[in-house]
Amino acid sequence: MYKRCGVLKTAFTFAAAVLTAVVCASPVEAKSLPIWFDAPALDWESEGLPLGNGAMGIVVTGEVARETLQLNEKTLWTGGPGAQGYNFGLPADSIKQDVAHVRQQITQHNGIDPQTAADKLGQNMHGYGHYQSFGELDIQYNDQTGAVSNYVRSLDLNQGVATVAYTRNNTHYKREYFVSYPLQAAIVKLSASNKQSISFNLGVRVHPNRTIETQAKKGVLTFSGKLFDNNLQYIGKVQIVVDGGELTENEKTGRIQVSRANNAVISIVAATNYAQAYPHYRGKLPVKALDKNLAKIKASDYSALLAEHLTDYTALFGRVGLSLIENAEYYLLAKPTSELLKQYKGEGSAPERALEQLYFQFGRYLLIASSRNGSLPANLQGVWNNSATPPWNADYHVNINLQMNYWPAQVTNLGETALPLFDFIDSLVEPGKQSAQKVFGARGWTLFLNTNIFGYTGLIEWPTAFWQPEAAAWLAQHYFEHYQFYQDHTFLTERAYPAMKEAALFWVDVLVADPNTGLLVVSPSFSPEQGPFVNGAAMSQQIVFDLFTNVVEAANLVGDTEFKKLIQTKLAKLDPGTRIGSWGQLQEWQQDIDDKTNTHRHISHLFALHPGDQISVQATPAFAKAAKVSLNARGDEGTGWSRAWKVNFWARLLDGDRAHKLLAGQLMGSTLPNLWDTHPPFQIDGNFGATAGMAEMLIQSHTGQITLLPALPKQWQTGAVTNLRARGDVEVSMRWANSKLIDATLVAGKSQPINLALPNSCISPTVKQQGSNKNKVTVSIANTAVVFSATRGELYHVTCSNK
């Protein structure tokens with residue numbers, strides 16, 4: 001039914017056919033960065049094209065006769081206050097005596113099994129809830145006769161715009177979709193090459209777990225109601241503005257009919273009465289704000305709406321460019337993305353490098369689309385979900401998954417996208433204090449394995465995944481990294497340090513002296529999601545070490561001398577969680593019980609390598625070598641997020657070829673045809689982790705130096721990247737050829753000394769300050785390290801002779 005373009009010879013013949021009377025009616029521009037298909041999606045999860053603005057999301061499947069446009073609004077959840085039995089996961093009474101009992105059993109038996117621990121400490125989940133699909137826009141197109149040809153469904157990452165185009169009965173139809181952050185609305189334009197060709201009727205569908213009332217009036221379809229589970233109110237409005245033709249409403253069916261229009265613009269707004277405020281999490285439905293946005297859309301030309309979206313979106317997405325192959329768009333346009341992925345072998349061919357370039361930027365795109373200021377953070381599926389009972393509740397797992405979602409935020413120059421994460425963490429502090437008190441009798445705050453949007457900081461029953469009291473400490477790392485990358489002292493003082501201090505205060509009260517070593521350890525401790533409950537599992541110790549180290553530095557910066565001294569004292573007595581075992585591995589537990597044949601997807605005991613900085617090739621080579629032994633033993637297989645983590649591990653070990661092998665494995669074994677990561681099923685953290693890992697292959701700054709091309713694989717012999725961000729508030733661009741750095745450009749956000757580690761191939765480097773005179777800068781050179789003084793806002797050009 002869907003005939004392929006007959007003269008697709010170059011990217012330019014493909015791109016030229018945009019709603020014109022040529023063989024291919026295509027929406028894709030020659031300089032686009034497209035994910036595209038030549039047929040409608042047969043499956044939402046594997047072939048849908050996602051768009052979003054942080055709070056709202058849509059998925060374009062592009063059916064011709066009857067289109068289902070799936071809608072999301074991130075605050076629509078079952079569970080929480082109002083749901084039966086919801087108690088934030090907290091026990092009715094303090095269970096600190098049960099914690100003490102489990103500690104005692106661990107000490108007596110050198111560990112206990114997870115079921116025994118869960119029987120004592122686990123809690124029934126009541127009213128936890130699920131993230132919900134907001135609904136579906138059902139669009140029935142009237143012209144259903146004649147064969148369809150030249151069908152293309154695409155998503156241009158450069159613009160954040162999706163398009164469906166096809167030919168039927170000598171008419172070229174085009175649908176354009178984007179989700180506007182400035183207007184907080186999803187917008188669809190329907191047009192055609194012949195006038196009076198747009199005829200359709202439109203309605204909505206929702207899951208049967210809620211009430212719904214519909215009203216069609218003055219070109220606006222309103223649907224609203226409450227979830228049965230928790231009485232959370234929701235409202236959606238669909239506005240249709242037509243050029244020519246006739247628009248009528250049917251109050252009985254709750255549908256709107258458009259006949260013989262020249263074009264139509266459909267706008268969708270949505271909201272709930274959720275408020276991010278403990279303990280009630282309720283506010284008012286923002287009906288006036290929705291109406292105001294719809295009025296602005298109605299009063300504007302479509303071109304102005306699109307221009308406003310592009311200005312906003314490209315200001316973020318356009319900051320970082322990656323080129324792994326010249327004219328990448330040629331290869332990306334030559335075949336549908338699903339075919340490129342199917343043929344991918346990780347061997348470094350031109351089409352494969354183009355696909356990897358696309359995949360890197362797709363992670364950045366997804367982060368922008370699912371995490372903008374004012375929204376909730378990206379959940380396990382970002383913002384996209386078509387189910388009332390999605391996998392793992394589509395919630396926030398805090399034993400790596402939520403954290404991984406934000407790994408690319410700083411280094412790929414999207415720091416603003418982390419603001420929803422910080423808002424969310426802030427909202428967890430108060431309920432987290434209740435968890436600290438109820439479970440441990442401690443000050444400060446904490447939470448465990450998973451959380452929802454209603455402050456769930458307590459426990460669940462799942463034996464192998466219910467205990468992660470280090471979760472708050474891990475989340476606190478994101479605060480400090482944001483400061484490191486942006487050097488915003490106000491942010492550090494007013495937002496980061498208070499949350500970090502409270503997370504550290506919890507461990508001041510909870511750490512205990514190990515009966516064998518006398519060192520401070522986490523107990524009970526568990527290494528996700530395997531092994532026994534023990535004292536001081538490696539990951540637990542490494543996360544607390546990371547928190548205390550960061551808090552000491554932050555306390556010094558904000559002038560909190562007293563707390564700094566307290567944490568320094570605790571840090572000096574803390575078991576660091578790094579041991580080398582009998583077969584050269586980095587031990588996962590205090591006891592040397594690691595199994596060489598264990599290929600578990602969690603590699604938790606390497607936290608100190610990444611995302612921590614306790615282990616590095618330069619500073620702790622023995623531990624780095626042991627980490628490599630552990631990674632080799634675990635193997636290169638795994639779920640999508642696990643493979644992504646391994647990309648980062650191998651990049652930190654400065655092995656670009658092995659990092660690329662893991663990236664290739666993720667593309668071949670853990671990536672759906674639309675490039676969404678799959679666990680399976682679809683889980684977005686692998687996309688974010690892979691993008692972060694690719695950046696880590698190109699630039700690292702966790703050691704105090706800015707290291708250029710630390711893990712460049714042989715498949716990326718030639719390339720360029722612009723405006724990656726390094727710690728210290730430095731933007732870095734660079735070019736390389738034949739696996740050797742050609743030059744780099746640095747811009748510092750503050751005046752400071754720059755310590756730059758260059759590849760070994762960079763011979764006789766020079767540094768010049770850009771400007772009319774291109775003044776040469778005085779540098780200090782030691783081996784391949786270059787140190788020079790940078791002035792805020794000035795551009796510095798580093799060149800290598802490579803002789």
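Which residue stands opposite Leu69 in strand 6? The model is predicted, so local features need pLDDT of at least 70 and side-chain atom pairs count only at pLDDT 80 or more, while totals for chains, interfaces and linings use all residues. Residues are numbered from 1 along each chain as its sequence is written, and side-chain values use heavy atoms, with hydrogens and water left out.

**View 1. Strand 6 and its two partners.** Leu69 stands opposite Leu137 in strand 6, where strands are DSSP runs of E with at least two residues, and helices are runs of H or I with at least four, numbered from the N terminus. Six bridges join strand 5 (residues 66-73) to strand 6 in an antiparallel arrangement, and six bridges also join strand 6 to strand 11 (residues 198-205), again antiparallel; two strands pair if DSSP finds at least two bridges between them. Five of the seven residues of strand 6 (residues 135-141) are buried, meaning under 20% relative accessible area with a 1.4 Å probe and protein chains only.

View 2. Seven strands form an open sheet in the order 3-4-5-6-11-16-15, with antiparallel pairing. Its edge strands, strand 3 (49-52) and strand 15 (246-250), each pair on one side only.

**View 3. One face of helix 4.** In helix 4 (residues 114-121), the residues Pro114, Ala117, Ala118 and Leu121 are buried. Seen down the helix axis, the buried residues fall within an arc of 100 degrees, so they line one face of helix 4; this arc is that of the directions from the helix axis to the C-beta atoms.

Conventions:
Buried means under 20% relative accessible area, exposed over 50%, partly exposed in between (1.4 Å probe, protein chains only).
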